[in-house]
Amino acid sequence: MVAGLPFLMLTLYSSCAWAVAAYGDHWYAPYPDMDVVTAVTNRDVRAVIAAYALMEVLFGAARIHLATVAAARQARAGLMGGLNRPAVRACSLILLLGVGLVDWLKVMRIGLGAVLEGSRREYARELLLGLDHNVQVLVIVATIAVIASLRTLRPRWPLVGAVAFCWTPYLLSGSRKEILLVLVAIALLLFPELAGRQVAAICAGVAVLFVAPALTTGDILDSLHEFVLPQHMHFALEMRMLSPDFAGDFFERVQYLLPGPLRLSQPPNLAEAFYNTGVGPEIGVGGNVFAEAATVSGPLPFVLKLALMVNSVLLLALAAGRRMPLVTIMAVAYLMIMGRSDLWIAVFFIVYCGLALQLIAWFNKEKRCRTQPSTW
């Protein structure tokens with residue numbers, strides 16, 4: 001059932017650090033002892049259970065599942081025609097090739113060897129795709145548009161080549177979250193119509209993304225970095241190596257709902273703020289919704305704060321409903337990686353990626369209405 005998958009992923013984000021420490025004897029800065037790891041993990045898992053229970057009380061798993069399936073069906077009906085329009089395809093390919101060219105030139109300037117040998121995400125901020133959330137939104141939308149159109153367009157190799165050309169520098173720098181979001185969104189959107197080999201290709205792509213860190217170290221447990229490392233922000237808070245306001249005020253970050261030029265200030269996100277403290281691992285890590293819940297001031301207990309944050313995204317998914325089904329799809333997709341994100345950044349990507357895709361669908365619908373003969 002679709003409604004349970006985000007909570008399964010949240011459970012992995014909340015527990016893998018404990019499993020790797022207990023059974024793999026793998027430790028990362030700030031090197032918490034086992035008591036801290038166990039205490040934080042227990043608290044985070046309880047918060048996931050509370051979030052699921054609140055979801056059942058407020059919405060019901062069956063309602064979330066049916067709403068997602070209905071949104072995917074409605075989105076396919078409107079989006080596919082728009083994606084087959086030459087103008088949409090041309091704009092998507094130009095954007096992917098343009099961003100890819102800029103980032104490949106930057107990789108060549110830094111040195112391919114330095115990028116490959118550097119810490120994960122060490123050079124991500126040097127790339128155009130890693131520098132600006134607005135650019136990431138456009139590239140995510142273009143990538144979803146191109147991948148979704150592979151089902152009907154021939155030849156496929158220029159489309160696949162453009163996607164690979166754009167994303168390869170970003171993946172070489174050790175960043176995976178955004179392409180994971182793309183693959184999950186595609187799977188949710190097209191799953192009923194995908195052939196077996198297409199499903200296998202998506203699963204293989206996800207598997208390669210997760211295994212990639214282990215390819216350079218030879219340690220298979222390093223493939224769990226996606227789940228393990230973000231939780232170290234919560235460990236650092238528990239160890240009082242970070243103050244609760246290390247990334248600024250929670251409500252100040254609501255400005256992330258606005259495009260960059262419209263923000264009154266540029267509040268740091270959790271990932272950047274944590275990296276800049278020097279407390280965490282040497283490699284860059286993502287945000288962490290569990291740590292974010294622990295930084296929110298107020299009388300509510302931690303587990304309820306986390307439960308409310310997760311269910312606010314589910315509420316957004318349901319509210320989008322029939323009018324903006326692609327926002328619903330992006331909300332459910334982003335919940336799969338919510339364990340390594342900030343709430344406001346998650347909402348930013350959900351709203352703007354969903355609306356951009358929805359505009360493509362609306363444009364196609366309006367085009368059909370204009371060309372349809374009058375019944376008078």
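**Figure 1. The left-handed crossing of helices α15 and α16.** The crossing of α15 and α16 is left-handed, a term used when the near helix is turned anticlockwise from the far one by less than a right angle, clockwise being right-handed. This is a predicted model, in which local features need pLDDT of at least 70 and side-chain atom pairs count only at pLDDT 80 or more, while totals for chains, interfaces and linings use all residues. Residues are numbered from 1 along each chain as its sequence is written, and side-chain values use heavy atoms, with hydrogens and water left out. The two helices pack at an angle of about 160°, and their axes are 7 Å apart; axes are lines fitted to C-alpha atoms, for helices over the stretch in contact, and angles run from 0 to 180 degrees between N-to-C directions. That angle makes α15 roughly antiparallel to α16, the word for angles over 145 degrees, whereas those under 35 are roughly parallel, 65 to 115 roughly perpendicular and the rest oblique. On the α15 side the contact is made by Val310, Val313, Leu314, Ala317 and Ala320, and on the α16 side by Val327, Thr328, Ala331, Val332 and Leu335. Contact means heavy atoms within 4.5 Å.

**Figure 2. Helix α15 and the residue that follows.** Helices (H or I, at least four residues) and strands (E, at least two) are DSSP runs, numbered from the N terminus. Helix α15 covers residues 302-320, and at 1.5 Å a residue its 19 residues should span 27 Å; the end C-alpha atoms are 28 Å apart, which agrees. The expected span is 1.5 Å times one less than the number of residues. Buried residues of α15 include Phe302, Leu306, Met309, Val313 and Leu318; buried means under 20% relative accessible area, exposed over 50% and partly exposed in between (1.4 Å probe, protein chains only). Just after the helix, Gly321 takes a positive phi of about 45°.

Figure 3. Val327 lies in α16, residues 325-335, and is buried, with a relative accessible area of 4%. Apart from neighbours within four places in sequence, Val327 is in contact with Ala320, Ile350, Val351, Gly354 and Leu355. Leu257 is 70 residues from Val327 along the chain, and their C-alpha atoms are separated by 14 Å.

**Figure 4. The nonpolar cores.** A nonpolar core is a set of buried Ala, Val, Leu, Ile, Met, Phe, Trp, Tyr and Cys residues joined through side-chain atoms within 4.5 Å. The largest has 111 residues, and Trp167, Tyr334 and Met338 have the most contacts inside it. Helix α17 (residues 343-371) gives the most to this core, with 12 residues. A second, separate core of 11 residues includes Leu237, Leu242, Phe246 and Ala291.

**Figure 5. The loop between α1 and α2.** Most residues other than glycine have a negative phi, and most peptide bonds are trans. Ala29 and Pro30 are joined by a cis peptide bond, with omega about 10°, and Pro30 is in the loop between α1 (5-24) and α2 (34-58). Asp25, also in this loop, has a positive phi near 55° and counts as exposed at 60% relative accessibility. Tyr31, in the loop as well, has a positive phi of about 55° although it is not a glycine; Tyr31 is exposed, with a relative accessible area of 56%.
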